[in-house]
Amino acid sequence: MPILEKETVRDQNSQVLPKVPVPPLKQTLDTYLRCVQQLVKEEQFKKTKAIVEKFGAPGGVGEVLQKKLLERRDKTNNWVYDYWLEDMYLNNRLALPVNSSPVMVFPKQTFRDHKDALRFAARLIRGVLDYKALIDARALPVEFARGQLAGTPLCMEQYYRLFTSYRYPGPKTDMLKVQMNTASSAPEHIIVACKNQFFVLDVVANSKQLNEAELFSQLEKIMKMSENAEERLPPLGILTSDGRTEWAQARDTLIKDQTNRDSLALIESCVCVVCLDEHSGLEPSDTTRALLMLHGGGREKNGANRWYDKSMQFVVGMDGICGVVCEHSPFEGIVLVQCSEYVMKYITGSPSKMAMASSIRELRPPRRLLWKCNSHIQGHLKASGDRLQKLVNNLDMDAFKFKVYGKEFIKKQKMSPDAFIQVALQLAFYKCSGRLVSTYESASIRRFQEGRVDNIRSATPEALAFVKSMTDERATFTDSEKIKHLMDAINAQTNYTIAAITGMAIDNHLLGLMKIAKELNMEKPEIFCDETYLTSNQFILSTSQVPTTVEMFCCYGPVVSNGYGACYNPQSDHIFFCVSSFWENTETSSVVFIKALNEGLLEIRDLFNRNSAAATKLADSRQGAGQPHKSGK
Ligand code: COA
């Protein structure tokens, strides 16, 4: 089954970028052992070491697979892309909301009435169409790397998938369809969800795009149509919130009917979905807004007012709770941020063009999508709604703004802010659990053709030594020893980051070796059946830096049932964290994690302060000692 169907027009930029490298085998295996040693018991590690050594021995299986991978690298633009996409997203059977789709949460808006909300939605749609026009014209400026190894151009391919992708559910694996349209075949409609009904809103009439006032008028018609209770159809969107296999089964039933096929085809080919949400009735704190964006509040609230397969869903709540939900397989959070910021700047940055629109054309009203539902579908709707409700009740989320310091303070210590935050997250986890666990930090590999991400494994041996020194109850470590451990941990983290962004991390490589063995119909190599490999791929701590320049934040759910999702947004004078976990798991608690994180960040600040006070004192005393003593004689 094809996993990625592309009618690709190659990005001019990516052609000049280098291909993702295949790291040397020995380097990856050595790093793997270094990464897992502190995560498994000693006995298990000994076993793993022997397995890894056998795999990497001259003439061993590893060498055969490595050779094949190098051949694959020569033959493809990006040897890991399809393997990674399948493994990371398409084979994952979990429901998209919470488990996979990240969201951007906009600042709370103040709408006096529904007209205000629709005006906001109309401007938002104009902003989206403006941004899409830039993408279609290939006029987005090429981005360049910032931070570590700044200055290299980045692959822009992910942007071209923003409005052209659709993730089809499948029984075993999903399919991501990307249509690289020519301008003439570009979709010209968006889907508007309102009261769990779906409407087709054509954004072009007589070859001219709708202006803001026209969009507003069409949205008003949609709202009116959705209020007619007699015409209301079942809440089909809830099916897309289900596990992928369950949704695939329901879809198989749906598509037996031509009406349903027509409606699905319109959703699958739209530019994006705009969800006009009803009042949630909840206090709009950061945490609540994050929760509502992640799952819509379940079927009793706006949980069915979504279509999760579509890459970009813009949410406009009548109560001012707004944001974007993104299907993750076509692109990364950084691209989502760029688009969200553009749209938000468009909305807030210039005066409304509504009044300036000289005329509103007489437009055909938007069409409601029709569905034919038999008892079978009704059964699916009930089951999907129940499962979504379970997910809603299970998500434990805490959004936290750490205000004491931000990036600038960390830079003043001559440390990488990202590495510093990662080490602080390790400290928080250790404070909560007394151990370190397999950790994922996404590292962009957009310096390479079609580059997506690899993993920075932040639970380094140096991080373990540091967190032990900070939490040692016998107070055996002096401040300067703790500082030394901190510096070591940050250096190790920074070095791993540099390796990852230059294509030298281990996760993609190991995945590639495993997948190529399967393609060669070889027996699964022992290294990949080993308990350590399985443990090391259970990312109990799943972290990601998603910085913004406009007031908004990103968040996502944990990737394993006993884990945390920790998304952070470092700003010059504060750091915004969004931590998620599942209530069902008794070992995790987002509020406890945040408390430990806050405590750790303050302890590190105090450590710096004590250290610099001690250094000043020492310098003063040295200076004092160097001065000639005044003698009374
Ligand atoms: N002393 C002083 N300043 C330092 C420093 C040091 N030792 N090390 C770094 N800095 C500065 C950098 O120059 C940079 O400055 P800038 O803000 O002026 O650009 C800043 O600190 C930030 O650098 P750093 O904290 O090291 O991180 P980074 O920006 O290089 O980011 C990653 C690291 C891994 C997050 C980044 O490479 C990446 O991959 N980002 C994408 C993540 C992603 O895909 N997220 C979404 C997933 S869905």
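**Helix H11**

I listed the buried residues of H11: Gly333, Val335, Leu336, Val337, Cys339, Ser340, Glu341, Val343, Met344, Tyr346 and Ile347. Buried means under 20% relative accessible area, exposed over 50%, and partly exposed in between, with a 1.4 Å probe and protein chains only. This is a predicted model, in which local features need pLDDT of at least 70 and side-chain atom pairs pLDDT 80 or more, while totals for chains, interfaces and linings use all residues. Residues are numbered from 1 along each chain as its sequence is written, and side-chain values use heavy atoms, with hydrogens and water left out.

I then looked up what covers these buried residues, and the cover includes strand E2 (103-105), helix H6 (114-136), strand E10 (312-317) and strand E11 (322-326). Helices (H or I, at least four residues) and strands (E, at least two) are DSSP runs, numbered from the N terminus.

I checked the length of H11 (residues 333-349) as well: its 17 residues should span 24 Å at 1.5 Å a residue, and the end C-alpha atoms are 23 Å apart, which agrees. The expected span is 1.5 Å times one less than the number of residues.

**Thr497**

I found Thr497 in helix H16 (residues 479-501). Thr497 counts as buried because its relative accessibility is 10%. A polar atom of its side chain lies 2.9 Å from the backbone oxygen of Gln493. Leaving aside neighbours within four places in sequence, Thr497 is in contact (heavy atoms within 4.5 Å) with Gln148 and Ile456.

**Cysteines**

I searched the whole structure for disulfides (cysteine sulfur atoms within 2.5 Å) and found zero. For Cys155 the closest cysteine sulfur, in Cys326, is 17 Å away, so it is too far for a bond. Cys275 is in no disulfide either, with the sulfur of Cys272 nearest at 9.2 Å. Cys155 is buried at a relative accessible area of 2%, and Cys275 is buried at 0%.

**Ligand**

I counted 24 residues around the ligand (a heavy atom within 4 Å), the closest being Gln148, Ser416, Pro417, Asp418 and Ser444. E14 (439-444) gives the largest share of this shell, four residues. H11 and H16 are among the elements that each supply at least two residues.

A polar backbone atom of Gln148 is 2.8 Å from a ligand oxygen, and a polar side-chain atom of Lys407 is 3.4 Å from a ligand oxygen. A polar backbone atom of Lys414 is 3.1 Å from a ligand nitrogen. The ligand alone exposes 970 Å², of which the protein buries 76% (Shrake-Rupley method, 1.4 Å probe).

Conventions:
Polar contact = N/O pair within 3.5 Å; in protein donor to acceptor, adjacent residues only side chain to side chain.
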